[in-house]
Amino acid sequence: EILVHRAKEIGISTEKATEIKTVIETVGPEIQKEKNALDKLYIELDEVTSAHPIDGEAASAALARVLEKEAELKQRHFAAMIEVMNGLTAEQMTAARKILANMPPPDPALHAAMMRLKPKFEEIKETVESNALAGTPPPEDIHERMEKAHMLLKEGDVKGAEGILDELLNSL
């Protein structure tokens, strides 16, 4: 997707960008399905390792499932990447690699925490929408507090973000 969004910078023609987009649209639903399954496994791993005491056997089994699903997902990504990259010139590949090298790597622990908190974000949104339909306005600072929760998550402060979400849910 980065190649499509930054096609001009990489030197990719509109026609080639369309070809890349077609590959993405073909493989994308499969990859998304795998990502959704992986998200559930991250949540499971987070739940197992959040218990006290931690059941070592259950934690190891949950980690093995995460690693297996991650490997499957990476294989799908890798195959799609090879297909796309083989259609580029050497110069385009060099430009694409420079762009990709400057991107920050994903943080699996943060991703797991975000997936665990996603239902709370959704519940807040649904409650606000439902209350609005019933004529009850949301708290004045709700947008500010939601932004703060997102910022805390990005900074790695999962407990702080969850605290804000819980406060919001209780106030609604």
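Trainee: How many salt bridges does the count come to by this rule?

Mentor: Side chains of opposite charge can pair when their charged atoms come close. Here the count comes to 13 salt bridges, a salt bridge being a side-chain nitrogen of Lys or Arg within 4 Å of a carboxyl oxygen of Asp or Glu. This is a predicted model, in which local features need pLDDT of at least 70 and side-chain atom pairs count only at pLDDT 80 or more, whereas totals for chains, interfaces and linings use all residues. Residues are numbered from 1 along each chain as its sequence is written, and side-chain values use heavy atoms, with hydrogens and water left out.

Trainee: Which residue forms a salt bridge with glutamate 34, and is glutamate 34 buried or exposed?

Mentor: Glutamate 34 pairs with lysine 69, their closest N and O atoms lying 3.0 Å apart. The pair joins helix 3 to helix 4, across 35 residues, helices being DSSP runs of H or I with at least four residues, numbered from the N terminus. Glutamate 34 counts as buried because its relative accessibility is 12%, where buried means under 20% relative accessible area, exposed over 50% and partly exposed in between, with a 1.4 Å probe and protein chains only. Lysine 69, at 17%, is buried. Both residues belong to a network of salt bridges that links Glu30, Glu34, Lys69, Glu72 and Arg76.

Trainee: Where do arginine 145 and glutamate 167 lie?

Mentor: The side chains of these two residues meet in a salt bridge with an N to O distance of 3.7 Å. Arginine 145 is in helix 7 (residues 142-154) and glutamate 167 in helix 8 (residues 158-171), so the pair ties together parts 22 residues apart in sequence. Glutamate 167 is partly exposed, at 48%.

Key: Helix = DSSP H or I, 4+ residues; strand = E, 2+ residues; numbered from the N terminus.
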